[in-house]
Amino acid sequence: MSVKPVNPPQVEAELPGSFSTRYMRINVGPQHPSTHGVLRLVVDLDGEQIVSLKPQVGYLHTGFEKTMENRTYQQCVTYSNRMDYLHAFAHDLAYVLAVEKLMDARVPVRAQRIRVILTELNRIASHLVFFGTGMLDMGALTPYFYCMREREGLMDIFEAVSGVRMNYGYFRVGGLYQDVPDTFEPMVPKWIDAFPKHTDEYFNLFMANSILKARTQGVAVVTRDMAIDYALTGPSARASGVPLDYRKAAPYSGYEDYVFDVPMREEGDIYARMAVRFEEMLESCKIVRQALDLLEPGPVKDPDRRISLPPRRELENSMEAVIFHFKLVTEGFHPPKGEVYVPTESARGELGYYVISDGGSMPYRVKVKAPSLANLQSLEPSSIGGLFADMVINIASFDPVLGDVDK
Amino acid sequence: MSGATSVAALRAAFGGAVERDDLICGDAVVWVAAARSHEILAWLRDTPGQDYNYLVDITAVDYRDPELPLEVCYQVRALARAEDLRVKVALAKDAPLVVESVVNLWRGADWLERETFDMLGIEFEGHPNLRKLLTPEDLDGHPHRKDFPLGETPTLFNDGRFLDPAAFRAGLTGRNPGLTGWSGGARRGVTSTEGALPGEGRDKA
């Protein structure tokens, strides 16, 4: 395999060959706090201005897709949430929705509502990390502590539900692992009622802050045409005036039952990308409130024995139940032949699993359409011509999760 | 959300270059000739009424079968009506694995094509910078090919017996009837004590 050097040609042509003091090449990362993970950037500078920027990714490549192709469908839930560890529920949801469509599984309404509540709360938690770490890149240390304080309340909810603070693995094909604990229903409204008071505070701290505005408005602009050309997705695309949100365009998991807006901006600068995410947190609160109001007792798993394990009590007096239990655990279920792609909306953008089944109990092919990978491509065109210090906040404004880029 | 109407338009415009089409799980899928894939994708992007102006994803599938070729899949979207179309290009296994790059249609194809090149070894002709994206530079081979080894260790049991993970999993693929031939159904006449018959009344393939 011949690998070409990374030197950008336009810079090389101007280098006299022996020694040049005009351009400076800076290597940012892979281990660097401002790159939000293991991202490496090779930046050529003319003074402080960026002449060329080449992102190098792959440091976190784990081969999740290949591993999933060698595990049964239910086991794959262990891997899906490890890609985007900040919005893990979204990855679980995207995966189980794809397999459920393949299987024609019928997910009970209660399970769908709980999925929506958890995914939206996780979206808020993800955006809080975005604000905390993004401000940190601008030298503002305080917002990080405010954001982490709020996120802590959400982590407690997720821990009560799934037992862990990250990598939940709580959604299963056909429903949920188990019903939520009794503490869930009081915990969520308590957090949701307190949050708007804090968002007022945050609005004054971040979004209405004139220093932040001066630093971000009109900086690193992605125009609408550029966003479409570079396949920008999610909040970053909506900040550039591309109005696509799959919760509205093709509602899944019962999103059609909730009234909410999709925040939009036209400017496409860093401030717009932050503003869209800020408003999205409030919209997510609205969705969670409505879903809580509509939450009614009921089953949380598809009763189809070909997908879900039989209840424990049935194992004591039914031989068939024991056989189903054994077969589902050792071998798993067998979706019919086919292929499926279900687009969903994660905190980073369009997320979908392209799953191909050959009739076996392991997926034949899994391909993740990861929003961070698509978004990170826009970093290069939007940073060139700008200042080096602006590039650092520009990385944060696309909110990449490198586990999601590298898979 | 399916581009079934576009398939008919494609057939009218390109005739024999559209090899076949299908509706799988509600998604329109169309197979086109490798030699004309770029032309067809450009037509889908630029023709008024089609307007597939957004490239969602590029990937490829290795069917591990001498009869079935490698397939390159493009998922394109008409943003205005949120309609997707999956365009597939089947490459013959003995011929060189080359398709024309679509970076000049969508700049976002850059990394997606590099990833596909890296993972499945498909070359995109005309790509400005076709290098590996994710795997280390000194890694030989393409990890998402089905013949790429997983590198697992067999499990040793007390009696000296080995369980080879690959051999165990071979029983779980669609080509094999499974450990006992069971594919998820119940025996006829068997009822559950919970009332609901497993999978009763649903027609699944």
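## Paired strands in chain B

In this predicted model, strand 3 (residues 54-61) and strand 4 (residues 70-78) of chain B run antiparallel and are joined by 7 bridges. Within this pair, B:Leu55 has B:Val76 of strand 4 of chain B as its bridge partner.

Strand 4 of chain B also pairs with strand 5 (residues 83-91) of chain B, again in the antiparallel sense, and here 9 bridges are found. B:Leu70 stands opposite B:Leu91, a residue of strand 5 of chain B. The hairpin formed by strand 4 and strand 5 of chain B has 4 residues between the strands, and B:Ala82 takes a positive phi near 45° in this hairpin.

## Overall organisation of chain B

Chain B contains 4 helices and 9 strands. Read from the N terminus, its elements follow the order α-β-β-α-β-β-β-β-α-β-β-β-α. Chain B has 205 residues, of which 34% count as buried. Among the contacts in chain B with a separation of 6 or more, 46% are accounted for by residues 24 or more positions apart.

Two domains are assigned in chain B: domain 1 covers 4-125 and domain 2 covers 149-183. A distance of 35 Å separates the C-alpha centres of domain 1 and domain 2 of chain B.

## Two open sheets in chain A

One open sheet of chain A has 3 strands in the order 1-4-5, with antiparallel pairing. Strand 1 (23-28) and strand 5 (49-56) of chain A stand at the edges; each has a single partner strand, so one side of each is left without a neighbour in the sheet. From one strand to the next, the twist averages 15°. Strand 4 (residues 40-46) of chain A is paired with strand 5 of chain A in the antiparallel sense over 7 bridges, and A:Arg40 stands opposite A:Gln56 in strand 5 of chain A.

Another open sheet of 3 strands in chain A has the order 8-9-10, also with antiparallel pairing. Its edge strands are strand 8 and strand 10 of chain A, each of which pairs on one side only. On average, and with direction ignored, neighbouring strands of this sheet are turned by 10° against each other. The antiparallel pairing of strand 8 with strand 9 of chain A extends over 8 bridges. A:Glu339 stands opposite A:Ile356, which belongs to strand 9 of chain A.

Helix 4 of chain A lies across strand 8 and strand 9 of chain A, and runs at about 145° to strand 8 of chain A.

The axis of helix 4 (residues 88-103) of chain A also comes within 8 Å of the axis of helix 5 (residues 109-137) of chain A, and the two cross at roughly 140°. Because of this angle, helix 4 of chain A is oblique to helix 5 of chain A. Helix 4 of chain A contributes A:Ala88, A:Phe89, A:Ala90 and A:Leu93 to the contact, while helix 5 of chain A contributes A:Arg115, A:Leu118, A:Thr119 and A:Asn122. By class, the residues of this contact between helix 4 and helix 5 of chain A comprise 5 nonpolar, 2 polar and 1 charged.

## Where chain A meets chain B

Between the two chains, 57 residues of chain A are in contact with 49 residues of chain B. Several elements of chain A each supply at least two residues of the side that touches chain B, among them helix 2 (64-68), helix 4, helix 9 (224-229), helix 13 (319-330) and strand 9 (350-357). The largest share, 4 residues, comes from strand 8 of chain A. The side of chain A that touches chain B consists of 24 nonpolar, 13 polar and 20 charged residues.

## The surroundings of A:Ser240

A:Ser240 is located in the loop between helix 10 (234-238) and helix 11 (246-249) of chain A. Is A:Ser240 buried or exposed? A:Ser240 counts as buried, because it has 27 C-beta neighbours inside 10 Å.

Residues up to four places away in sequence aside, A:Ser240 touches A:Val222, A:Thr223, A:Arg224, A:Ala227, A:Leu232 and A:Gly268. A:Val221 is 19 residues from A:Ser240 along the chain, and the C-alpha atoms of these two residues are separated by 8.3 Å.

Note on methods. Residues numbered from 1 in each chain as written. Chains lettered and ligands numbered in written order. Predicted model: local features only at pLDDT ≥ 70, side-chain atom pairs only at ≥ 80, totals over all residues. Domains from an automatic or database assignment. Axes fitted to C-alpha atoms, helices over the stretch in contact; angles between N-to-C directions. Parallel < 35°, antiparallel > 145°, perpendicular 65-115°, else oblique. Contact = placed C-beta atoms within 7 Å. Nonpolar A, V, L, I, M, F, W, Y, C, P; charged D, E, K, R; others polar. Pairing = 2+ DSSP bridges. Buried ≥ 20, exposed ≤ 12 C-beta atoms within 10 Å, placed from the backbone.
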